[in-house]
Amino acid sequence: MIIHVRNFGKIESADIDISNLTIFVGENNSGKTYIMQLIYGVIDFLINFKGSFISTNIWQTDSNSATVEYDDEEFFTAFQDCVNKSLDENKEKIIEKVFHTKKLTIEALSVDLSPFRFNYEITLDKDETLKDNYNSFTIKMGGIDFVFKFSNNPVEKSIIIRCAEE
């Protein structure tokens, strides 16, 4: 996952590739700690992510199976756009939660999830109050569960879609 930041504290622009080991090197008072704290806030936000997906036509179901109606690239792009829209709408709340102030500003905050483009799993989530229907889906990606509620009618049939690199 790559976190994109613009105009945050002393940081004009940064693209931070979060991997198994990420090292920050720089002069004292250059923004390293701010960026590390911001990364914590972004990951915390994503772990607790609850979104709503704009389309109810994602799934095509029959008696035996269900599939993503769009090609994988369109679905993945729509998913990432939804996550980034939510990040943008909540960036001030993330800053306030992590830094305990409203005085610190950030112009832009987004993530690039393309490193996971071929490594994610989608499951439909059952709501017991809806009998055999499903009212949300979860995308498991990079150790984070992204939960989306359907905006209209729930979906019937259970499915797990695994996208694997070819």
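Hi everyone. Before I start, one convention: when I say contact, I mean heavy atoms within 4.5 Å. And please keep in mind that what you see above is a predicted model.

With that in hand, let's begin at I139. Setting aside neighbours within four places in sequence, I139 is in contact with F75, F79, Y120, E121, I122, I144, D145, F146 and F148. One of those partners, F146, comes up again when we turn to the core. The largest nonpolar core has 39 residues, and I139 and F146 are the two that touch the most other members. Which elements supply this core with at least two residues each? They are strand 1 (2-8), strand 2 (11-17), helix 1 (32-47), helix 2, strand 6 (106-112), strand 7 (120-126), strand 8 (133-141) and strand 9 (144-150). Helix 2 gives the most, with ten residues.

Is K91 buried or exposed? Its relative accessibility is 9%, and buried means under 20%, so K91 counts as buried. What does the side chain of K91 pair with in a polar contact? The partner is the side chain of D88, at 2.7 Å. Beyond residues up to four places away in sequence, K91 also touches I106, E107 and L109.

Next, the loop between helix 2 and strand 6, where we find T105. With 53% relative accessibility, T105 counts as exposed, because the cut-off for that class is over 50%. Leaving out neighbours within four places, T105 is in contact with N7, F8 and G9.

G9 takes us to the hairpin of strand 1 and strand 2. There are two residues between these strands, and G9 takes a positive phi near 55°. The two strands run antiparallel and are joined by six bridges. Within that pairing, V5 stands opposite A14 in strand 2.

Last stop: F118, in the loop between strand 6 and strand 7. F118 has 45% relative accessibility, so it counts as partly exposed. F118 and M141 are 23 residues apart in sequence, and the distance between their C-alpha atoms is 9.7 Å.

Methods. Residues are numbered from 1 along each chain as its sequence is written. This is a predicted model: local features need pLDDT of at least 70, side-chain atom pairs count only at pLDDT 80 or more; totals for chains, interfaces and linings use all residues. Side-chain values use heavy atoms; hydrogens and water are left out. Buried means under 20% relative accessible area, exposed over 50%, partly exposed in between (1.4 Å probe, protein chains only). A polar contact is a pair of N or O atoms within 3.5 Å; within protein, one must be able to donate a hydrogen and the other to accept it, and residues adjacent in sequence count only if both atoms are side-chain atoms. A nonpolar core is a set of buried Ala, Val, Leu, Ile, Met, Phe, Trp, Tyr and Cys residues joined through side-chain atoms within 4.5 Å. Helices (H or I, at least four residues) and strands (E, at least two) are DSSP runs, numbered from the N terminus. Two strands pair if DSSP finds at least two bridges between them.
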